[in-house]
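Me: I would like to go through some of the terms used for this structure and see what each one rests on. Please set the value against the cut-off each time.

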Amino acid sequence: MDSLPPAAGLAHPPRSGIVDLGSNSVRLVVFEGRGRNPLAIFNEKAVLGLGRGLQTTGRLNDEAVPQALTVLERYAAIARGMGVAPLEVLATAAVRDAENGPEFAAAIAKRMPGVPIRILEGEEEARLSAEGVLLGFTGADGILGDLGGGSLELVELSQGRAGAMASLPLGAIRLADRAEGDVTRARAIAEAELGRLPWLEHGRDRDLYLVGGAWRALAKIHIAQTSYPLSIVHHYVLRREEARDLCGLVMGATRRTLEKLPGAPSKRLQDLPFAAVALRRLLRATGARRVVFSANGLREGWYAVQLDPATRREDPLLTAGREMAARYGRDTELPAALCTWTAPLFAEESSAATALCEAACWLSDIGSHDHPDYRAEQSFLRVLRQPGIGLDHHERAFLALAVALRYEQEGDAAWLHTARMLLDSVSLHRAEILGAALRLAYTLSGGTPSLLKGASLSRTAETLTLRLVEGGGVFAGDSVQRRVETLAATLGLSAVVELAPGSV
């Protein structure tokens, strides 16, 4: 068989990479592109426990140091092979606090020549964590807590802006070491440390944003325990009492019990009770009304500061929709026309609801290249599970359902159950209206903006009217009549089709 010629002109978008050298794990993340929503195309972690025992010895874990150097050498090779530039190593609490931290950093420089190595101060680590959270929660308002192995970074967030910040020696590994493995002693230590920050009280009745692997592990346990329909930690929300109960369960559990908990990661079991202690004390100190989990943190914060200001200001929800439309759709001019076309159906809506409808219009053609028998399901899953960081679970479910219904999927399909569980009755109805309207628009236009100009919608208290311009390439055939009647019925209205003279 003849070999295929090289793929000319298929250079990948620019790539950047960050090595997060933490007290518990060492991780390489490679991002592709410079878009508003970070797209991680490689993410590898090694749990080594560099900071374990630091509280007692003052040094990095002697067993973990050579393992870490081997892993870092691998990461450097991967980054070279993937064409990553820039690549940077960020070292956090363990390296900055250990007496042999500078020696370790020098050893890294030999293994990763030419790669910058930054040992972050606590406040700098907190600032980068805040940048990462604000990339996904643009209007975040409350207190941010980023729990690592060695330290807990805290930042006050006020309507999308970072304020007071601090770094405390309350990482899960360090807290366990300081308490000599005693959960009761850990509670007293955490309470005393948090008591040094009176501004934490500003979090009362606001949100507590949680970052860090040990806290994400708690979220995964809760997701598994409650059979929550979407296994995505980012934007997962717990009410205050739910979070307190979860912490109480984990704090009081034996290792054997923790091993049996669904969703509990085996490599974090010994740290989980101390992560739970830190969270429960933080809930008390802040008075937060709920906790919101973020998959974004320091690494995404590093990515965020690489972006130009204009890109950073883009709306993450709409940007995600536009990026998917460019990747999977047929015509990037159609979504704007669909927004105008569907607007009469949704009068006097909030700006957030309008943005959600606009995002659905951008996503409405992403199944165009899929097998026709699976377009609805493939598009549904693609939207529901997309990596867009600005989408909460409600938004994912709404958009996925609207797009599936746009492909005329029957509403009782079993795989739509996830979306239906995440939406209230009002949102379900809006998604059904929008899905039916988009289906009608594509039937009329064939997915082209020029034909869509030959049709328009209007509504009164009793009637939905579809107006068609003669000679514009659109006509009221059986499929159009059926779909306008379906849309009208969804709205609780009667359907009328009018023909108007003229040309487009």
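Me: Where is E348 found?

Reply: This is a predicted model. In it, E348 sits in the loop between α15 (334–342) and α16 (351–363).

Me: Why is E348 called exposed?

Reply: E348 has a relative accessible area of 83%. Exposed means over 50%, so E348 counts as exposed.

Me: What is the phi of E348?

Reply: The phi of E348 is positive, about 55 degrees, although E348 is not a glycine.

Me: Is H235 buried or exposed, and how do you know?

Reply: The relative accessibility of H235 is 11%. Buried means under 20%, so H235 counts as buried. H235 is placed in the loop between α8 (213–226) and β10 (237–239). H235 has a positive phi of about 75 degrees and is not a glycine.

Me: Why are α17 and α18 called roughly antiparallel?

Reply: Helix α17 (residues 375–384) and helix α18 (residues 393–406) pack at an angle of about 165 degrees. Angles over 145 degrees count as roughly antiparallel, and therefore this pair does. The axes of α17 and α18 are 8 Å apart, and α17 passes α18 in a right-handed crossing.

Me: Which residues make the contact of α17 with α18?

Reply: From α17 they are A376, S379, F380, V383 and L384. From α18 they are R396, A397, L399, A400, L401, V403 and A404. The residues of this contact divide into 10 nonpolar, 1 polar and 1 charged.

Me: What makes β3 and β5 edge strands?

Reply: The open sheet has 5 strands in the order β3-β2-β1-β4-β5, with mixed pairing. Strands β3 (40–47) and β5 (117–119) each pair on one side only, and they are the edge strands. From one strand to the next, the twist averages 15 degrees.

Me: How do you know that β4 and β5 pair?

Reply: Two strands pair if there are at least two bridges between them. β4 and β5 are joined by 3 bridges, so they pair. The two strands run parallel, and L90 stands opposite R118 in β5.

Me: Which peptide bond is cis?

Reply: The bond that joins A85 and P86 is cis, with omega at about 5 degrees. P86 lies in strand β4 (residues 84–91).

Me: Which strands does α12 lie across?

Reply: Helix α12 (residues 298–306) lies across β1 (15–21), β2 (25–32), β4 and β5. The helix runs at about 145 degrees to β1.

How values were computed. Residues are numbered from 1 along each chain as its sequence is written. This is a predicted model: local features need pLDDT of at least 70, side-chain atom pairs count only at pLDDT 80 or more; totals for chains, interfaces and linings use all residues. Side-chain values use heavy atoms; hydrogens and water are left out. Axes are lines fitted to C-alpha atoms, for helices over the stretch in contact, and angles run from 0 to 180 degrees between N-to-C directions. Helices (H or I, at least four residues) and strands (E, at least two) are DSSP runs, numbered from the N terminus. Angles under 35 degrees count as roughly parallel, over 145 as roughly antiparallel, 65 to 115 as roughly perpendicular and the rest as oblique. A crossing is left-handed if the near helix is turned anticlockwise from the far one by less than a right angle, and right-handed if clockwise. Contact means heavy atoms within 4.5 Å. Ala, Val, Leu, Ile, Met, Phe, Trp, Tyr, Cys and Pro count as nonpolar, Asp, Glu, Lys and Arg as charged, and the others, Gly among them, as polar. Buried means under 20% relative accessible area, exposed over 50%, partly exposed in between (1.4 Å probe, protein chains only).
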